[in-house]
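Please look over the fold before reading on.

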Amino acid sequence: MTERRFNYLFNDMELQLKREIFTDISTIGSLTIDGKFECYILEDKDRGINNTLTLEQIMRVKVYGKTAIPYGRYEIDWTMSARFKKMMPILLNVIGWSGIRIHKGNTEIDSLGCLLCGTRKITNRITESTIATNKLYAKIEAAKKQGQRIFITIVR
């Protein structure tokens, strides 16, 4: 069976992050998988950047370590993190950013552009991050083992 035919047998996994709470230091949104609520995501401050802008335009707005990644659609891969020393999801081809992972954490200090998972939201904070992250990782890992491609779309 060719790789192309193998991938055709499985639907892509579609994640959507809808950004909902905007503060001066962080952004909190709801993450769904194939339309079903999964967890809350905390990110750095949303500065209104989208992935249709040029790198130069993005760099004029981006504040290192304090800016949410651009709105848009990204493929997610499942790779070994040199920093965390374990397999983790990584967003691919995020213009102006590198190493954007989905991982546990509670506030924007833990982010550096990454997406942090939690089961509860409070202003500028999410909680029960380990529980939410482990649950999401299990779903992403299973999908990758089945040959599915995984995408995340970030919207307002």
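A residue is called buried under 20% relative accessible area, exposed over 50% and partly exposed in between, with a 1.4 Å probe and protein chains only. G99 has 43% relative accessibility and therefore counts as partly exposed. The model is predicted, so that local features need pLDDT of at least 70 and side-chain atom pairs count only at pLDDT 80 or more, while totals for chains, interfaces and linings use all residues. Residues are numbered from 1 along each chain as its sequence is written, and side-chain values use heavy atoms, leaving out hydrogens and water.

G99 lies in the loop between β5 and β6, strands being DSSP runs of E of at least two residues, numbered from the N terminus. Setting aside residues up to four places away in sequence, G99 touches I90 and C114, where contact means heavy atoms within 4.5 Å.

Strand β4 (residues 72–81) runs antiparallel to β5 and is joined to it by six bridges, with S81 opposite K86 in β5.

Among the residues that line the largest pocket are D24, K45, E108 and L112; by class the lining has three nonpolar, one polar and six charged residues, where Ala, Val, Leu, Ile, Met, Phe, Trp, Tyr, Cys and Pro count as nonpolar, Asp, Glu, Lys and Arg as charged, and the others, Gly among them, as polar. A pocket is, on a 1 Å grid over the protein atoms alone, an open set of points where a 1.4 Å probe fits, with protein on both sides within 12 Å along at least five of seven lines, and lining residues have an atom within 4 Å of a point.

Technical notes:
Pairing = 2+ DSSP bridges. Helix = DSSP H or I, 4+ residues; strand = E, 2+ residues; numbered from the N terminus.
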